[in-house]
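Please look over the chain below.

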Amino acid sequence: MITRQRLAAGVCALLAALTAGIAFPAGAVAETAAQAAPKVELVLDVSGSMRANDIDGGSRMAAAKQAFNEVLDATPEEVQLGIRTLGANYRGNDRKTGCKDTAQLYPVGTLDRTEAKTAVATLTPTGWTPIGPALLKAAADLDGGDGTRRIVLISDGEDTCQPLDPCEVAREIAAKGVGLTIDTLGLVPDAKTRDQLSCIADATGGTYTSVQHKEELTDRVGQLVDRAADPVATPVAVEGSGACTGAPALKSGLYTDREEFAQHRWYRVDVAPGKELRASVSVAADRAVNPDYGVLLRAVTVHGREIVRGEAAGNGRTDVISTGLRYPKAESDDEDAPAETVCLQVSNSFSAASGVKTTPGMPLELTVDVVDGPDQASDVASFGLGRGWWLLGALVVVGFLAGVLWGWISRLRIAVWRTN
């Protein structure tokens with residue numbers, strides 16, 4: 001379940017980046033009809049360590065406040081935003097009490113910027129670092145509705161309330177299948193903090209970022225809040241074939257399929273002159289697999305000539321492996337020139353660990369986008385070398401010139417030697 005959620009979150013984020021402004025044709029993808037308002041909760045560490053003065057000459061708390069104020073000013077109107085704190089109220093030494101110290105500073109809902117800024121201004125670094133309990137409460141704050149839900153956690157240290165491991169808490173949230181993403185930002189670049197915050201983000205398909213300057217913090221929090229407002233497309237189930245002939249014809253959109261170990265899946269896309277095909281694929285290892293594996297995405301003509309390819313490799317440390325490609329189709333002087341049918345082949349080199357079932361196949365998500373091509377579109381298929389053709393040509397020229405120069409130097413040395 002965790003892997004599937006991470007796959008869905010990772011690919012949807014990629015789709016938003018690649019296909020901004022695309023209109024999904026009827027019958028090709030699920031419509032992104034009116035969705036519930038996106039919800040974001042900023043979770044801020046207000047523990048005593050936030051007093052440290054190591055961010056651009058000021059305290060970590062001051063940097064966080066400045067970032068929050070600027071982000072609040074720029075928050076999109078459609079985003080419902082809330083703020084939760086951890087370690088902001090209890091000053092004592094009782095661990096049990098300190099590990100309950102998390103409170104909602106501003107409720108998730110329509111944003112009143114002045115009220116939210118006033119609440120942030122009252123914060124003073126105080127107590128413990130109960131990250132796990134704060135994440136559980138934040139998930140409850142965002143419960144309900146079908147819109148995008150995102151937690152943005154800003155912290156400067158490890159959780160001090162073990163054994164409630166915040167990484168396990170994040171996995172528990174992901175396992176519920178609620179589609180909630182947790183992004184983390186670390187204000188201290190030490191290994192332990194990085195490992196814990198990375199684990200939290202990875203469990204839900206989120207991101208971890210280490211920030212050490214005010215502008216970095218402001219920019220990153222703003223990006224994550226804006227991302228929540230991006231439209232989310234629901235993948236449409238499709239079944240690839242074993243060869244290009246008879247493969248399903250795809251239009252721009254997001255598709256889901258399953259691919260067995262070491263299997264090939266084929267799909268077809270029509271690319272008109274003056275258009276550019278952009279495609280990406282992600283395959284999830286949703287069961288134990290042997291290390292060292294890869295995923296290959298190829299664009300091939302109907303006659304079997306490779307146009308361009310994208311490939312990626314893994315070593316057992318990643319649950320999802322992705323790659324992509326681009327193919328611009330040059331303009332044609334003939335206004336009635338037909339579209340070119342491009343065959344997309346998805347292959348993998350996964351192998352199942354001992355005792356692991358090989359069926360059903362592993363989850364696969366494929367993004368297809370056909371957009372206006374660049375002004376200088378050309379056939380990147382040159383002799384099957386893709387864009388590597390130009391590099392090969394440059395190497396040939398350089399090699400030739402180097403050979404001529406070396407020959408001239410050798411003849412000169414021999415002439416000098418004979419003279420002497």
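**Briefing**

At 2% relative accessibility, Glu276 is buried, where buried means under 20% relative accessible area, exposed over 50% and partly exposed in between (1.4 Å probe, protein chains only). This is a predicted model, in which local features need pLDDT of at least 70 and side-chain atom pairs count only at pLDDT 80 or more, while totals for chains, interfaces and linings use all residues. Residues are numbered from 1 along each chain as its sequence is written, and side-chain values use heavy atoms, with hydrogens and water left out.

**Overall make-up**

- The protein chain has nine helices and 16 strands; helices (H or I, at least four residues) and strands (E, at least two) are DSSP runs, numbered from the N terminus.
- The protein chain has 420 residues, and 45% of them count as buried.
- Of the contacts in the protein chain between residues at least 6 apart in sequence, 77% join residues at least 24 apart; a contact means heavy atoms within 4.5 Å.

**Salt bridges**

- The count of salt bridges is 17, each being a side-chain nitrogen of Lys or Arg within 4 Å of a carboxyl oxygen of Asp or Glu.
- Glu276 forms a salt bridge with Arg326, with the closest N and O atoms 2.9 Å apart.
- Arg326 lies in strand β14 (residues 320-328) and Glu276 in strand β11 (residues 275-284), so this pair ties together parts that are 50 residues apart in sequence.
- Arg326 is partly exposed, at a relative accessible area of 43%, whereas Glu276 is buried.
- Asp54 and Arg60 form a salt bridge whose closest N and O atoms are 2.6 Å apart.
- Arg60 is buried at 10% relative accessible area, and Asp54 is partly exposed at 42%.
- Glu306 and Arg309 form a salt bridge, with 2.9 Å between the closest N and O atoms.
- Arg309 is partly exposed, at 39% relative accessibility, while Glu306 is buried, with a relative accessible area of 15%.
- Glu306 and Arg309 belong to a network of salt bridges that links them with Arg298 and Glu311.

**Helix packing**

- Two packed helices are described by the angle between their axes and the distance between the axes.
- Here the axes are lines fitted to C-alpha atoms, for helices over the stretch in contact, and angles run from 0 to 180 degrees between N-to-C directions.
- Helix α6 (residues 166-175) packs with helix α7 (residues 191-203) at an angle of about 5°, and their axes are 8 Å apart.
- Helices α6 and α7 are therefore roughly parallel; angles under 35 degrees count as roughly parallel, over 145 as roughly antiparallel, 65 to 115 as roughly perpendicular and the rest as oblique.
- The contact is made by Pro166, Cys167, Ala170, Arg171 and Ala174 of α6 and by Gln196, Cys199, Ile200 and Ala203 of α7.
- By class, the contact of α6 with α7 has seven nonpolar, one polar and one charged residues; Ala, Val, Leu, Ile, Met, Phe, Trp, Tyr, Cys and Pro count as nonpolar, Asp, Glu, Lys and Arg as charged, and the others, Gly among them, as polar.
- Helix α2 (residues 60-74) packs with helix α4 (residues 113-121) at about 175°, with the axes 10 Å apart.
- Helices α2 and α4 are therefore roughly antiparallel to each other.
- Residues in the contact of α2 with α4 include Phe68 and Leu72 of α2 and Ala116 and Val120 of α4.
- By class, the contact of α2 with α4 has six nonpolar, one polar and four charged residues.

**Aromatic pair**

- The structure holds one aromatic pair; rings of Phe, Tyr and Trp (its six-membered ring) pair if their centres lie within 6.5 Å, and planes under 30 degrees apart count as stacked, over 60 as edge-to-face and the rest as tilted.
- The rings of Tyr293 and Phe350 are stacked, because their centres are 4.5 Å apart and their planes are at 20°.
- Tyr293 lies in strand β12 (residues 293-300) and Phe350 in the loop between β15 (340-348) and β16 (362-372), so the pair ties together parts that are 57 residues apart in sequence.
- Both Tyr293 and Phe350 are buried.

**Positive phi values**

- Most residues other than glycine have a negative phi.
- Asp56 has a positive phi, near 50°, and is found in the loop between β1 (39-45) and α2.
- Asp56 is partly exposed, at 43% relative accessibility.
- Asp292, in the loop between β11 and β12, has a positive phi of about 65°.
- Asp292 is exposed, at 60% relative accessibility.
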